[in-house]
Amino acid sequence: MAYLIFSLSLMLIYIGLAQMLHVQFGLLGIPNFGVVGFWGLGMYAVGVMQVQLGMSFVDAMGLTVVLLVIASYFLGRLILRLERQAILCATIAFSAIIALLAVTEKWMTMGVVGLGTIRHPFRVLGLEEILFFLFLLALIVVMQILILKLHKSRLGRLMVATRDNEELAASLGKDTFQVKIVAFTLTATIMGVLGGLSAPLNQFLTPNMIVPSITFAVWISLVLGGKEHALGAMLGVFVTFGLFDILIETYAPVSPEFAVVVPNMKLFFYGALLVGVLVFRPTGILDRKIKPEDISAALSRGMSTGLAGAGRGMQSFAKVADEKLINRKKEDDQ
Amino acid sequence: MSTIVPPQVGSVAASKRRGPTPMWLIRDSIFIGLLEASPLILAAMGFTLIYYLNGFINFAYGESITFGAYFAVLFNVGMGFNFYFSIVPAALLAGALSVATYLFVFKPALNRGVQPSEMIILSVGLSFMLRYGLVLMVGAENVFLSEPPIAFFNFGGLGATNLQLIALILVVIFALNLYWLIYKTGFGEVIRGLANNEELAQVSGINPHQVSVKVWFIAGVAGGLSGIFSGVFALANPLMGWNLILITIMVCIVAGVGSVRGALVASIVAGILTSFITLVSKPLYSEVVLLMTFILILWRRGGRMA
């Protein structure tokens, strides 16, 4: 039972990460391949502040948020103007840097020895895990509602327009870089907060937790579930993490020899699934929520106001030209 | 994540013992850097060919590296071939694997019009599939090549093993051949033509499919050799390709897309820089510095990949 709650809590963390990636990649088109970097930074920041500096969980989390905002804003400023392939490589490099620093900075992170123990924030005897799970659940539900609202809002449409045709959106007077950097900072910070929340879940932190397969698991969930659909992230995590990590690893009657193979088999299937989905159904299980027609409609509305302005200009120009013509005619007559 | 270029037995330690006087330091880092850069040089030259021709970053190229090393282990340890004889079939098989990934995954995806940024995700997926397929078959433990007896050579106080020297010589031969192929032959011209203007190349009677298969094969052979030489320096494990591919991509992007010449120079510089930082501080810091430099170079260029 305790293990089930742990697995479910972890699944909620993954859902959160996939939701944030949905905003970054699905809506804005920022291919963030450094998910595990932000997650790991948040996790280690909370761990270090709590264990090495003796702060309470809430204080540690507060400072971690400040740190994450600074880090992701700075990184965003450096990379968000780049083309997509470059962003992808730069974010991978960022996550590799975080993983390396967790090993090298032994005075802070204890290196490969590991850092622990991180206490649960809710100090109710026997109910700590349950309460923490409920807290995570509430957080994920709130984030899901916000994402559903975002999909219906002007901001959501602006994000999609920025993704599909940044020049066009910019030419209509939208500050697309600001949209990108604000959204990136916010979502990357939440990824880090989710990392901070998984610190008490894992209780003992080692650098080999910051592995690319976490980034990869989040990506496969999102791409499989449907990267442009508001519920795609959640569905994707249910299908991947729910199926493999909870159903098979916890409930399926597997022999101990086979159980060692399961995690590797899982990553093998993730890879195969990702290849299959991208080649045969690029939109994922759930199709996009915001249809291209909606965007073009929204944009043409923007265009038509622009055109109306231009039309007024044309009218006044025509008037002046008419007057000139009339004057010239008068001159000719005389 | 383990070190990308494994710190070599003896040489780094010996140099550290001698103490960091500036002249020694520069000499040592150039020497060690050249010896240890050979896997990176091969990987970068192969990678940049695919990137140039098809225009996307192929993370699955890392698996050519890993599988090259494992094929060598298969021939060398599994079948009892002589070490030098097992290099050739292993490299050819790595090339065949690379062609297979192109024919069965990347070509159908390119034909369906998958965007470059999604091609990268696809290649990461394929890379995970191949890597953990390998783990499922042979396990995640390190495997070792049974190498010929090791002899040390001394160059004015700097040590190198016979294997390191042979690797370096083979890399030089391979790199020169590749250079000649790309810049001096008709086939190189065809590749460059196809990469720059596919329609025009097709009109001139070039079959893009055939050229692509050849390029992916050459790149796969280069990757396989790179894996074998990393295996010579340390050991083979399923993560070695993934660890090398990140630095390879960095080097190729810094060098400029499709520039085999640039990839050659940039990988040697990266090797020397790595060994220099390793000599003055910890090996892992050299990776941190390289990765940060990479992000800053991308930023300075303002996003142009070339």
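This is a predicted model: local features need pLDDT of at least 70, side-chain atom pairs count only at pLDDT 80 or more; totals for chains, interfaces and linings use all residues.
Trainee: Which residues of α3(A) and α13(B) meet?

Mentor: From α3(A), Leu75(A), Arg77(A), Leu78(A) and Ile79(A) meet Ile295(B), Leu296(B) and Trp299(B) of α13(B). The residues of this contact of α3(A) with α13(B) comprise six nonpolar, no polar and one charged.

Trainee: How is the size of an interface often given?

Mentor: It is often given as the accessible area lost when the parts come together. Between chain A and chain B, the buried area is about 3,800 Å², and carbon and sulfur atoms give 82% of it. In terms of residues, 41 of chain A are in contact with 45 of chain B.

Trainee: How many salt bridges and polar contacts are counted between chain A and chain B?

Mentor: The count is one salt bridge and three residue pairs in polar contact, both residues at pLDDT 80 or more. Lys227(A) forms a salt bridge with Glu118(B), with the closest N and O atoms 3.2 Å apart.

Trainee: Which helices of chain A supply at least two residues of the side that touches chain B?

Mentor: These are α3, α4 (84-104), α10 (212-225) and α12 (256-280). The most comes from α4(A), with 15 residues. By class, this side of chain A has 31 nonpolar, five polar and five charged residues.

How values were computed
Residues are numbered from 1 along each chain as its sequence is written. Chains are lettered from A and ligands numbered from 1 in the order in which they are written. Side-chain values use heavy atoms; hydrogens and water are left out. Contact means heavy atoms within 4.5 Å. Helices (H or I, at least four residues) and strands (E, at least two) are DSSP runs, numbered from the N terminus. Ala, Val, Leu, Ile, Met, Phe, Trp, Tyr, Cys and Pro count as nonpolar, Asp, Glu, Lys and Arg as charged, and the others, Gly among them, as polar. Buried area is the accessible area (1.4 Å probe) that two parts lose on being put together, summed over both. A salt bridge is a side-chain nitrogen of Lys or Arg within 4 Å of a carboxyl oxygen of Asp or Glu. A polar contact is a pair of N or O atoms within 3.5 Å; within protein, one must be able to donate a hydrogen and the other to accept it, and residues adjacent in sequence count only if both atoms are side-chain atoms.
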